[in-house]
Amino acid sequence: MKTIVVVDDEIVITENIRDELAKCNELNVICCQSGYEALNTLISEHVDLVITDIAMPDMNGYQLYSRIQELHESLPVIMMTGFGYDPNHAVVKAKTDGLRDVVFKPFNYPHLIELIKIRLRE
């Protein structure tokens, strides 16, 4: 079973993603409401993929992505955002640093699940 960490300060978002991914029996989903909570999870648990929001109050998605790269360089990360405009250029910075995937809220869940499966196979 593969473990995915979903990070968003909005608990409704993490729970919705968890519920959708639960339909894929081979996925274990851990929900985190902050970047720091996600980092602690990455230190204490085996994690196969991270899905993180970009705009969070304690640590934005780019900061979390950078810390993940320091801990687990090959760990796949998918960033999510509800904004079409990225005022802090977090997506641009992360893509420059190697981020491959950004998804936009509201999600097309079949697409998100397919993307997750692709990244987990690599």
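Two strands count as paired if DSSP finds at least two bridges between them. Strands and helices here are DSSP runs, with at least two residues (E) for a strand and at least four (H or I) for a helix, numbered from the N terminus. Angles are taken between N-to-C directions and run from 0 to 180 degrees, and axes are lines fitted to C-alpha atoms, for helices over the stretch in contact.

A word on what you are looking at: this is a predicted model, in which local features need pLDDT of at least 70 and side-chain atom pairs count only at pLDDT 80 or more, while totals for chains, interfaces and linings use all residues. Residues are numbered from 1 along each chain as its sequence is written, and side-chain values use heavy atoms, leaving out hydrogens and water.

Now follow strand E3 (residues 49–53). This strand is mostly covered, as five of its five residues are buried, where buried means under 20% relative accessible area, exposed means over 50% and partly exposed lies in between (1.4 Å probe, protein chains only). Leu49, Ile51 and Asp53 point one way from E3, while Val50 and Thr52 point the other way. Strand E1 (residues 2–7) runs parallel to E3 and is joined to E3 by four bridges. Within this pair, Ile4 has Leu49 as its bridge partner, and Val6 has Ile51. E3 also pairs in the parallel sense with strand E4 (residues 77–81), again over four bridges; there, Val50 stands opposite Val77.

Contact here means heavy atoms within 4.5 Å.

The contact is made by Gly35, Ala38, Leu39, Leu42 and Ile43 of H2 together with Leu64, Arg67, Ile68 and Leu71 of H3. These residues divide into seven nonpolar, one polar and one charged. Ala, Val, Leu, Ile, Met, Phe, Trp, Tyr, Cys and Pro count as nonpolar, Asp, Glu, Lys and Arg as charged, and the others, Gly among them, as polar.

H1 has a helix contact too. The axes of H1 and H5 come within 11 Å and cross at roughly 70°, and that makes H1 roughly perpendicular to H5. Asn16, Ile17, Glu20 and Leu21 in H1 meet Tyr109, Ile113 and Ile116 in H5. The residues of this contact divide into five nonpolar, one polar and one charged.

Finally, look for Arg119 in helix H5 (residues 109–121). Arg119 counts as buried because its relative accessibility is 12%. Leaving aside its neighbours within four places in sequence, Arg119 is in contact with Leu49, Pro76, Arg100 and Asp101.

Terms used
Parallel < 35°, antiparallel > 145°, perpendicular 65-115°, else oblique.
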